[in-house]
Amino acid sequence: MGLEGERLQFQGRLGEKEIEAKKIEIKANGLVDAMRNDLSPFEAIKDINTELIVEQALELAQLKISYISALKEVNAIKKALGR
C-alpha cells in the first residue's frame, strides 16, 4: 500500500473517530440535561432520586473519559495527515 492508500485509511479513521466523538458528546449533553432536570432547585431534598443522579454521574464520568480519548485520537490523526 502506498502513501495515498495510507492517507485514505487515516482519513477514514478520522471520520469514524469524529462521528464517535460527536455521538459521545450528544449522549453526555443529554445526561447533563437530565441531571439538571432531576436536580431541580424546587425539589425537596427528600424527593431527589439520588440513586439515579449517582448512576447518571458515573455514566457521565465514563463518557467524558471516552470523549477525551476520541478527541486525542482525532488530533493525532489530523497531525499525521498534516492538518
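In helix 2 of this predicted model, the residues I53, Q56, L63, A70, V74 and I77 are buried. Buried means under 20% relative accessible area, exposed means over 50%, and partly exposed lies in between, with a 1.4 Å probe and protein chains only. A helix here is a DSSP run of H or I with at least four residues, and helices are numbered from the N terminus. The buried residues of helix 2 pack against helix 1.

Residues are numbered from 1 along each chain as its sequence is written. Local features need pLDDT of at least 70, and side-chain atom pairs count only at pLDDT 80 or more, while totals for chains, interfaces and linings use all residues; side-chain values use heavy atoms, with hydrogens and water left out.

Helix 2 has 31 residues, and the distance from its first C-alpha to its last is 45 Å. This is close to the 45 Å expected at 1.5 Å a residue, where the expected span is 1.5 Å times one less than the number of residues. After helix 2 comes G82, with a positive phi near 80°.

Helix 1 covers residues 3-38, which makes 36 residues. The buried residues in helix 1 are L14, K17, A21, I24, A28, L31 and M35. They pack against helix 2.

How are the two helices arranged? Helix 1 and helix 2 pack at an angle of about 155°, and their axes are 8 Å apart. Axes are lines fitted to C-alpha atoms, for helices over the stretch in contact, and angles run from 0 to 180 degrees between N-to-C directions. Helix 1 and helix 2 are therefore roughly antiparallel to each other, a term for angles over 145 degrees. Their crossing is left-handed, which is the case if the near helix is turned anticlockwise from the far one by less than a right angle. By class, the contact of helix 1 with helix 2 has 20 nonpolar, 2 polar and 10 charged residues. Ala, Val, Leu, Ile, Met, Phe, Trp, Tyr, Cys and Pro count as nonpolar, Asp, Glu, Lys and Arg as charged, and the others, Gly among them, as polar.

Q56 sits in helix 2, which runs over residues 50-80, and counts as buried because its relative accessible area is 9%. Not counting residues up to four places away in sequence, Q56 touches L31, A34, M35 and D38; contact means heavy atoms within 4.5 Å.

F10 belongs to helix 1. At 35% relative accessibility, F10 is partly exposed. Leaving aside neighbours within four places in sequence, F10 is in contact with I77, A80 and L81. F10 and I77 are 67 residues apart in sequence, but their C-alpha atoms are 6.4 Å apart in space.

Are I19 and E55 buried or exposed? I19, in helix 1, counts as exposed because its relative accessibility is 51%. E55, in helix 2, counts as exposed at 54%. I19 and R7 are 12 residues apart in sequence and 18 Å apart from C-alpha to C-alpha. E55 and S69 are 14 residues apart along the chain, and their C-alpha atoms are separated by 21 Å.

Methods:
Parallel < 35°, antiparallel > 145°, perpendicular 65-115°, else oblique.
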